[in-house]
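Biologist: I would like to learn how to read a model feature by feature. Please give the general idea first, then the case at hand.

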Amino acid sequence: MAAAPPSSAFVVGIDLGTSHTVAASVPLGGAAADIALLPIPQRSTAGEVTAQPLLPSMRYQAAPGELGDAWQQPWPAQGATAEAPAVVGRWARDLGAAVPARLVASAKSWLSHTGVDRTADILPWGAPEGEGGVAKISPLKASASYLAHVAAAWNAAHPDAPLQQQTVVLTVPASFDEGARALTLEAAQLAGLPPVHLLEEPKAAFHDWLVLQGDRLAAQLAHSRLVLVVDVGGGTTDLTLIRVEPSEPGAQGGGLPTLTRTAVGEHLMLGGDNMDLALAHRMEPHFAPDGQRLPAARFAQLVQRCRQAKEQLLAHDAPESVAVTLLGGGSRVLAQAQTATLTREQVQQWVVDGFFPPAQAHDAPAKRQGALRGLGLPYPADAAITRHLAQFLAQHAPDGLPDTLLLNGGVFHAHAIVQRLTDQLTAWRGSPLRVLHNPHPDWAVARGAAAYGLGRFQPAPTAAEQFSEKSASNQPPAQSQQALAAIKSKADSASPRWPHIGGGSARSYWLVLPGPPGAPPQGVCLLPKGTGEGVRIVLSGRRFALRLGQAVRFALLAHSNPRASAQAGQIGPLVGDGWVELPPLSTVLPAPEGPAKAQVEVQLQARMTEVGTLEVRCVAAHDPAQSWLLPFAVRGAIAAPQTAPESIATSADAESAGGQKHLNHPGTAVSTAVAQIDRIFGTQAQEIGPREVRQLRQTLERTLGPREAWDIAVLRALFDALLLRAKRRRRTPEHERAWLNLAGWCLRPGVGAELDGWRIAQIWALYAPGLAHRQEAANWTEWWVFWRRVAAGLNEDQQMQVLEAVAGHMQKAVQQTTRKREDGSGGKSTHGSYEDMLRLFAAMEAVPWPYRQEMGQWMLQRLRRPAETTQTWWAIGRLAARHSLAANAHRIMPPDAAQEFIDATLAQDWRKNETAMFAAVQMARMTGDRALDLPNSVRNQVLDKMRASGAPTRWTTMVEQVVPMAAEDQQRSLGDSLPPGLVLL
């Protein structure tokens, strides 16, 4: 049993939920009966502050002056200012129901969404920006603001025991991956919490049930052998299995059973939010006739109204029906209000049958794209929780279905849902199962977190207690035994009377190893499933060589299936279902000073920390005291590249029989290619003519195959080699052109592989010095092409600097060519290719969309000149496209702003100008996100003209449906092919 911090007087459990945040506490050394909920003061109206145990996990980003001074009471939301006031909690929820464009909701779901930059200010999703727009906040900071509000509430109630000095247990979904857990810890740190301990939510809910049983616990679980915990919250569905083993007669533990968590489910972004969306989709035709879709803001309002109606109609004393009203906009809010009726029967049918339909025990979730989209989050393709449950049990309980069920989450207030799920499990078992009573599913997780902390931590003995025990041991034997027994009895009476839930790591973790092309991917087990907290696993039989000062990246997979269990260090094929790709471990290890390029031989060490996170270190083989922590890469707007595992592992290879591998070189062919690069850009003085420099690309292709087939592993390994030799690019104009051309190709698109952020930082240092051979127009062209290829990795400030520079050069290039055309006094542009400068303009997706709108308007003016090329239409299509290369969806130009560019393309003859038609395809393409999609009427106009112009079927399909872009169209859209296997969201 661990000891609590010396200053700690309480264990505080916090449930940071998608819908609500709840806190509970218990004095250290107390008992289960002492667990109490924290009343959280929060605004309920503009003039009232109430204290309630449920803090809605919502934040309202108000306009300046909108809330008066009310936003400052009971205390300002973290990060709120007079220019950007904000409130959290109940009032935020109510304000957001009327003005959903200002409501930050589901921040917890966004925190686990790898397709966006979770540290960027992107919420409220789809809200207008700019003057008169909404001040946005990141999912990370929104989550931190809810925790900060709880901390303020605690400190106000316990001024003598501030939260910073207490033992805090923070809950997370069992299915959260290591990236989401790391961000949750960061949110807690931003909120000013002490170092917290993470606990899986289903385990917390079961802990609460355990403490409620008191002395009856052993009898209550006497006939249970396998407990299924189903936790359906606002944003996630968590599935957990816990094995129950009765104690042997006379065994230690006072007859309490042994509890072991044996399995957790995959991350399912399914919960109350999805049910609200489903109801809104069903109700939409009542408010948007003729098959039209509601605008994003009104649809978000409808979702909020449906949530309120759902809670009423699924309640115990539900009415027959509820009126759902959408207010109008502007000065006619009431005059344009619309109302429709939602019945109790409809809600039960659409929610119960939609999310808990009858299923067979062998069913699996559908893979097709579902309809529950529209708010930007990646919901599962199949919303049927019963089919996900069937798959989970088939994988983790093939020898016997659970006999006991614990339900947690607000949706289980609805008796119809409880009955459906119970009936389904009974049908699969062929016999009834026991349903454990959960009297308070809204705050069981917070209570259970406090109970877990009480059971795990105990205060260090006081000096008086230590003295008493020492004195007792020094007394005569009979008196000593009597005194020690009294002390032990006192300690036992204060000890919790419920068992700890064991099980260790819920997953096994595997390091991906590169292998020969076409062979099944291989991995080495880094941490076996079931490894206990604090247990260090060292891959002592396998060593790695790290080059210091260079990028190091380890690709990791996790698996919770018991059939994938293995011993640490065991190598096996990564085949079958259930593998989850984790954020890679990546870093740049510090290099020693001086010219030496040192490398170090290391072993990998892994452990599941006491706070509930995976920790991996590189430990120097020659000095075990020297180690480097490998952090998870959780920032950035790009999900980990979805390449085949053998091409993911760009920096990790295991020692095979007889040899040690270098982590920075994926294979022999790449090593040969690096030697060829070194011949051109190395330090050795060699007789190399301009022709050999110009033919470097062809030389590499003879070694590695056509460059279009080089995957991420090869590309980044080559780029790292070029980066080390960047100084020698300035030798001759040919060297500079070859380096820019090859380095840009190998780093494209600037994102997609871990440590690309570090690589971009290295090449950005090359921007200020600029070209060495500025008099060469061809070098300017390669300069513009290089920055266009890596533009997706540049941040807003960097892209703005490039834009300012290219704008000046473009203006001079236009002046030169205009003089030549008009009077012959000018000449060929000495600033590089005008078309490549234009394409660079269009690639700047990180700048705020109003800048790109202004660029597009300038391009429309240029199109009135007869000499302008069709590349201008290509650039306009990129500027106003619905999909961003770098997945920065919050930077996409809103539909209203894109309208003038759509109109301009519609005015063209698409039979003669296919480039203008493809620009329209990019601007009208369906995303499934209402904040980004053009209105149906506009898309229908585009579709009609496409069909009349003989557009390819795949183009019309992209405008009609949410489908991936074909590889040839993707290359046409981006100007270059993507590295094979790289998927950008």
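**Reading the backbone, the core and the cavities**

Modeller: Start with Ser-106, which counts as buried because its relative accessibility is 10%, under the 20% cut-off. This is a predicted model.

Biologist: Where does Ser-106 lie, and what is its phi?

Modeller: Most residues other than glycine have a negative phi, and most peptide bonds are trans. Ser-106 has a positive phi, near 55°. The residue sits in the loop between β10 (103-104) and α2.

Biologist: Next, the overall make-up. How many helices and strands are there in the protein?

Modeller: The protein has 31 helices and 33 strands. It comprises 985 residues, and 56% of them count as buried. Among contacts with a separation of 6 or more, 72% are between residues 24 or more positions apart.

Biologist: Can you show me a case of residues apart along the chain? What is Gln-165 in contact with, leaving aside its neighbours within four places in sequence?

Modeller: Gln-165 is in contact with Ser-7 and Ser-8. The C-alpha atoms of Gln-165 and Ser-7 are 5.8 Å apart, although 158 residues separate the two along the chain. Gln-165 is located in the loop between α3 and β11 (167-172). It counts as partly exposed because its relative accessibility is 37%.

Biologist: How should I read a nonpolar core, and how many residues has the largest one?

Modeller: In soluble globular proteins, nonpolar side chains tend to be buried together. Here the largest nonpolar core holds 112 residues, and Ile-14, Leu-147, Leu-193, Val-230, Leu-302, Leu-389 and Ile-417 have the most contacts inside it. Helix α3 (residues 139-157) gives the largest share of this core, 10 residues. A second, separate core has 94 residues, including Ile-763, Val-921, Ala-924 and Ala-951.

Biologist: What does Leu-302 touch, not counting residues up to four places away in sequence?

Modeller: Leu-302 touches Ala-280, Met-283, Glu-284, Phe-287, Leu-294, Val-324 and Leu-326.

Biologist: And the cysteines: how many disulfides does a search of the whole structure find?

Modeller: A disulfide is a covalent bond between the sulfur atoms of two cysteines. The search finds 0 disulfides. Cys-525 is buried, because its relative accessibility is 0%. Cys-746 also counts as buried, with a relative accessible area of 0%.

Biologist: What is the volume of the second largest cavity, and which residues line it?

Modeller: Its volume is about 60 Å³. By class, the lining of the second largest cavity has 8 nonpolar, 2 polar and 1 charged residues.

Definitions and conventions. Residues are numbered from 1 along each chain as its sequence is written. This is a predicted model: local features need pLDDT of at least 70, side-chain atom pairs count only at pLDDT 80 or more; totals for chains, interfaces and linings use all residues. Side-chain values use heavy atoms; hydrogens and water are left out. On a 1 Å grid over the protein atoms alone, a cavity is a set of points where a 1.4 Å probe fits but cannot get out, and a pocket is an open set with protein on both sides within 12 Å along at least five of seven lines; lining residues have an atom within 4 Å of a point. Grid points are joined across faces, edges and corners, and a volume is the space filled by probe spheres set on the points. Ala, Val, Leu, Ile, Met, Phe, Trp, Tyr, Cys and Pro count as nonpolar, Asp, Glu, Lys and Arg as charged, and the others, Gly among them, as polar. A nonpolar core is a set of buried Ala, Val, Leu, Ile, Met, Phe, Trp, Tyr and Cys residues joined through side-chain atoms within 4.5 Å. Buried means under 20% relative accessible area, exposed over 50%, partly exposed in between (1.4 Å probe, protein chains only). Helices (H or I, at least four residues) and strands (E, at least two) are DSSP runs, numbered from the N terminus. Contact means heavy atoms within 4.5 Å. A disulfide is a pair of cysteine sulfur atoms within 2.5 Å.
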